[in-house]
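Here is a short briefing to read with the model open beside you.

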Amino acid sequence: MHNFTYHNPVQIIFGADTISQLAQLIPQSSRILLTYGQGSILRNGVYQQVKKALSKHTVLEFAGLEANPRYETCLKAVQLCRREWVDFILAVGGGSVLDGSKFIAAATVFEGDPWAIPTRQAEIAQAVPLGCVLTLPATGSEMNGFSVISREETKEKYGFASPHIYPRFAILDPSTTFSLDHRQIANGIVDTFVHVTEQYITRPAQAPLQDRQAEAILSTLLEEAEKVWQQPHDYAVRANLMWCATQGLNGLLGCGVPQDWATHLIGHELTALYGLDHGQSLAVVLPGVWQFNIENKREKLSQYARRVWQLSAPSASDLAATAIDKTEQFFRSLGVKTRLSEYGIGAEAPRAVAKRLQERQMFLGEAANLGGTEIEAILTMRL
Ligand code: NZQ
Ligand code: ZN
């Protein structure tokens, strides 16, 4: 196991009817900016619950953060925060609202060009304190210090990290997720699944606890994913999906082990260039990355096949290949398409994506063996 440091300061408030606790979680004297997306929280009653809980607080609002939150929109909120002396940001929504709000929190008190935060990983010395009410289980953003921002003008999408952007608290009320449509539930399951595999399907690192933590989340996801369509009103299923998503990317699984993240970095380019949902992009790319790196990943893929899919086969090679097929079939069973052509994306895409990552001199994967040529080959397999 590699050395590691782990510190996660996010207070989790989990369960039904917990939004009312906001009044105690945010100091009464705060000037709060409530940030949200395109209106789902108005339709499912979450906005009303938040406003009721904060009826004695000073609350300003900023609506309109997009899925894959845009830099351009976030800057408008930064201006509002500065003008109105906002000293607490409350993000209410999915990963996009959370990520946009994390960027707003950092950029409001950043000196210099804020685009340097995602593009040059400029050091963030401070951020406006932030809390969140999560309504879509997927990204893990509620319990991590990451954010991913897109710039519409240049069709770029970049992540950044800072200890200053961890939410102070995250309210996770599974009943807020009953209003999600099929597509968002499926995307969220794929995203959670791939967060786990990015930290697990690499090479053995003599870390059996982290392996079993990852396998526990993957196995739970397979079970709950089946139930969620049959029992759409079942609170327990929603609760389990939500907790899996948070656990998938709160840093614990990645402690002391190699990590991949090639699927995510390639996927972000597909979203930036062609508008795929984040979950869709992962479902397309993951089987290709695994297929391409099957030799490097053989041992972990075989372990995954045995422990998560309960497969057994005479040779390890069969197991690894079967695990890749099973995973793709699982994504398809959720209704998430796994081929570029199914999203109307043509044969020019592999080169276009590879060129971008090559220009940034990026070598992806736990073995850092995926440069432009390899990325193009991976995406060509996924046409
Ligand atoms: O905008 P509103 O109206 O709120 O609607 C959203 C949006 O249209 C809707 N939605 C959210 N909660 C709902 C709901 N609709 C009905 N009922 C509810 N309870 O769902 C749509 C998608 O929301 P979005 O926030 O975009 O989805 P998600 O949570 O999947 O977030 C995706 C973003 O997170 C980034 C992705 O790249 C993408 O930009 N990621 C962030 C990570 C992180 N911070 O650690 C890691 C991830 O790998 C990922 O990259
Ligand atoms: Zn993700």
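The notes below are grouped by topic, with the ground rules first.

This is a predicted model, in which local features need pLDDT of at least 70 and side-chain atom pairs count only at pLDDT 80 or more, while totals for chains, interfaces and linings use all residues. Residues are numbered from 1 along each chain as its sequence is written, chains are lettered from A and ligands numbered from 1 in the order in which they are written, and side-chain values use heavy atoms, with hydrogens and water left out.

**Zinc site**

- The zinc ion (ligand 2) has D191 (OD), H195 (NE2), H264 (NE2) and H278 (NE2) as its protein donors, at 2.0 to 2.1 Å. Donors are N, O and S atoms within 2.8 Å of the metal (3.2 Å for Na, K and Ca), and sites may look incomplete because water is not among the atoms.
- Along the chain, the donors of this zinc ion follow the spacing D-x3-H-x68-H-x13-H. D191 belongs to helix α7 and H278 to helix α11, so this pair ties together parts that are 87 residues apart in sequence. Helices are DSSP runs (H or I, at least four residues), numbered from the N terminus.
- Both D191 and H278 are buried (under 20% relative accessible area; exposed is over 50% and partly exposed in between, with a 1.4 Å probe and protein chains only).

**Salt bridges**

- The structure holds 18 salt bridges, each a side-chain nitrogen of Lys or Arg within 4 Å of a carboxyl oxygen of Asp or Glu.
- One of them joins R183 to D277, with the closest N and O atoms 2.6 Å apart. Because R183 sits in helix α7 (residues 182–200) and D277 in the loop between α10 (262–274) and α11 (278–292), the pair ties together parts that are 94 residues apart in sequence. R183 is partly exposed, at 47% relative accessible area, whereas D277 counts as buried at 13%.
- K227 and E224 form another, their closest N and O atoms being 3.0 Å apart. These two are three residues apart in helix α8 (residues 208–230), and so about one helical turn separates them. K227 is partly exposed at 30%, while E224 is buried at 5%.
- K297 pairs with E366, the closest N and O atoms lying 3.1 Å apart. K297 is in helix α12 and E366 in the loop between α14 (349–359) and α15 (372–381), so the bridge ties together parts that are 69 residues apart in sequence. Both partners, K297 and E366, are buried.
- R70, E152 and K155 are linked in a network of salt bridges.

**Aromatic rings**

- A search of the whole structure finds 14 aromatic pairs. Rings of Phe, Tyr and Trp (its six-membered ring) pair if their centres lie within 6.5 Å; planes under 30 degrees apart count as stacked, over 60 as edge-to-face and the rest as tilted.
- W309 and F330 are edge-to-face, because their ring centres are 6.4 Å apart and their planes stand at 65°. This pair links distant parts of the chain, with W309 in the loop between α12 (294–307) and α13 (316–333) and F330 in helix α13, 21 residues apart. W309 and F330 are both buried.
- F330 also pairs with F331: the centres are 6.0 Å apart and the planes at 45°, so this pair is tilted. F331 is buried, as is F330.
- Ring pairs link F193, Y200, W290, Y304, W309, F330 and F331 into a cluster.
- R151 lies over the face of W115, at 4.8 Å from the ring centre (CZ of Arg or NZ of Lys must be within 6 Å of the ring centre and within 35 degrees of the ring normal).

**Pocket and cavity**

- On a 1 Å grid over the protein atoms alone, a cavity is a set of points where a 1.4 Å probe fits but cannot get out, and a pocket is an open set with protein on both sides within 12 Å along at least five of seven lines; lining residues have an atom within 4 Å of a point.
- The second largest pocket holds about 180 Å³ of space. Its lining residues include W309 and F330, and α8 gives the largest share, six residues.
- The largest cavity holds about 90 Å³. The residues lining the largest cavity include L136, G188 and R238, and α7 gives the most, with five residues.

Note on methods: Points joined across faces, edges and corners; volume = space filled by probe spheres on them.
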